[in-house]
Amino acid sequence: MVTFLALEAANTYFAKAAIVGGIVPNLIAFALFLGAIGYFLLTGPLFGQGKKDG
């Protein structure tokens, strides 16, 4: 019974570590990626901000 509780505690700890070490950095990277796309869309030639020849 004690071994089972120890394994459950370790499993919960590693699950939290996987969330913090896996999901959170991916969400941050995805947000930065979307922000970069938005930045280039808003500052690029698609909306008339870029250089025009002629």
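Keep in mind as we go that the model is predicted.

F40 has a ring partner in Y39. The two ring centres are 5.3 Å apart and the planes meet at 70 degrees, so the pair is edge-to-face; the class calls for planes over 60 degrees apart. Y39 is exposed as well, because its relative accessible area is 51%.

Now step back to the overall fold. The protein has 1 helix and 0 strands. That helix, α1, spans residues 2–43, and F30 lies in it. With a relative accessibility of 48%, F30 counts as partly exposed, because that value falls between the 20% and 50% limits.

F30 also takes part in a nonpolar patch on the surface, together with F33, L34, I37, L41, L42 and L46.

How much of the protein counts as buried? Of its 54 residues, 2% do. The accessible surface of the protein comes to about 5000 Å², and carbon and sulfur atoms account for 74% of it.

Terms used. Residues are numbered from 1 along each chain as its sequence is written. This is a predicted model: local features need pLDDT of at least 70, side-chain atom pairs count only at pLDDT 80 or more; totals for chains, interfaces and linings use all residues. Side-chain values use heavy atoms; hydrogens and water are left out. Helices (H or I, at least four residues) and strands (E, at least two) are DSSP runs, numbered from the N terminus. Buried means under 20% relative accessible area, exposed over 50%, partly exposed in between (1.4 Å probe, protein chains only). Accessible areas come from the Shrake-Rupley method with a 1.4 Å probe; for residues, only the protein chains shown count as cover. Patches are made of residues with over 30% relative accessible area and no salt bridge: like charges are joined within 9 Å, nonpolar side chains (Val, Leu, Ile, Met, Phe, Trp, Tyr) within 5 Å. A salt bridge is a side-chain nitrogen of Lys or Arg within 4 Å of a carboxyl oxygen of Asp or Glu. Rings of Phe, Tyr and Trp (its six-membered ring) pair if their centres lie within 6.5 Å; planes under 30 degrees apart count as stacked, over 60 as edge-to-face and the rest as tilted.
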